[in-house]
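Subject: Structure handover

Hello,

Here is the structure I promised to pass on. Please open it beside this email as you read.

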Amino acid sequence: YMGIGMARKRLTDKILEKIDKEIESDEKGSYIIVYDFGNRRYNPKEFYYAIMDLINNGHKIVRIQKSVYLTDSLRTALAIKELAKHYGAEVRVFKVEKEV
């Protein structure tokens with residue numbers, strides 16, 4: 001039984017709170033997140049729902065390719081990284097120094 005005020009925290013909120021404790025401040029810039037769910041036939045839809053949750057809460061996230069996202073902040077990049085790991089993906093984050 002969950003009483004009033006006992007609502008479960010959304011996964012994205014938990015992840016963002018954890019990140020906020022780990023980084024001094026959010027660094028603006030261009031970040032590329034590359035992930036791979038291995039040889040699964042379908043990637044978990046919950047992962048994409050969580051990405052939409054971030055977008056709906058003001059995070060700027062652009063899907064470049066099937067398994068590649070671009071964002072404008074370290075905090076958002078790390079949130080996507082944690083979400084991908086949570087759902088079982090291999091994931092890397094790259095900071096873009098210069099776009100050519």
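Below is what was found, from the whole chain down to single residues.

This is a predicted model, so local features need pLDDT of at least 70 and side-chain atom pairs count only at pLDDT 80 or more, while totals for chains, interfaces and linings use all residues. Residues are numbered from 1 along each chain as its sequence is written, and side-chain values use heavy atoms, with hydrogens and water left out.

**The chain as a whole**

The chain has 3 helices and 4 strands. Both are DSSP runs, numbered from the N terminus: helices are H or I with at least four residues, strands are E with at least two. Their order from the N terminus is α-β-α-β-β-α-β. The C-alpha trace spans about 55 × 40 × 20 Å along its principal axes.

Of the 100 residues, 34% count as buried. Buried means under 20% relative accessible area, exposed means over 50%, and partly exposed is in between (1.4 Å probe, protein chains only). The chain exposes about 7,200 Å², and carbon and sulfur atoms supply 51% of that. These areas come from the Shrake-Rupley method with a 1.4 Å probe; for residues, only the protein chains shown count as cover.

Contact means heavy atoms within 4.5 Å. Take the contacts between residues at least 6 apart in sequence: 73% of them join residues at least 24 apart.

**The core**

Which residues touch the most other members of the largest nonpolar core? They are Tyr-35, Phe-47, Ile-51, Leu-54, Tyr-69, Ile-80 and Leu-83, in a core of 24 residues. H1, S1, H2 and H3 are the elements that give two or more residues to this core. H3 supplies the largest share, 6 residues. A nonpolar core here is a set of buried Ala, Val, Leu, Ile, Met, Phe, Trp, Tyr and Cys residues joined through side-chain atoms within 4.5 Å. As background, nonpolar side chains tend to be buried together in soluble globular proteins.

**Helix H2**

The expected span is 1.5 Å times one less than the number of residues. Its buried residues are Phe-47, Tyr-48, Ala-50, Ile-51, Asp-53 and Leu-54. Their cover includes H1 (11-22), S1 (28-36), S2 (61-65), S3 (68-73) and H3 (74-86). Just after H2, Gly-58 takes a positive phi of about 90 degrees.

Phe-47 lies in H2. Why does Phe-47 count as buried? Because its relative accessible area is 0%. Beyond its neighbours within four places in sequence, Phe-47 is in contact with Tyr-35, Phe-37, Tyr-69, Ile-80, Leu-83, Ala-84 and Tyr-87.

**Helix H3**

H3 has 13 residues, which should span 18 Å at 1.5 Å a residue; its end C-alpha atoms are 18 Å apart, which agrees. Leu-74, Thr-76, Ala-77, Ala-79, Ile-80, Leu-83 and Ala-84 are its buried residues. H1, S1, H2, S2, S3 and S4 are among what covers them. Leaving aside neighbours within four places in sequence, Ile-80 is in contact with Ile-33, Phe-47, Ile-51, Leu-54, Ile-61 and Tyr-69.

Gly-88 follows H3 with a positive phi, near 95 degrees. It sits in the loop between H3 and S4. Gly-88 is partly exposed, because its relative accessible area is 49%. Not counting residues up to four places away in sequence, Gly-88 touches Phe-37 and Arg-40. Gly-88 and Pro-44 are 44 residues apart in sequence, but 9.0 Å apart in space, C-alpha to C-alpha.

**Two more residues**

Ser-67 is in the loop between S2 and S3. Is Ser-67 buried or exposed? It is buried, with a relative accessible area of 18%.

Lys-98 lies in the segment after S4 (90-96). Its relative accessibility is 67%, so Lys-98 counts as exposed. Lys-98 and Gly-29 are 69 residues apart in sequence and 9.9 Å apart in space, C-alpha to C-alpha.

Best wishes
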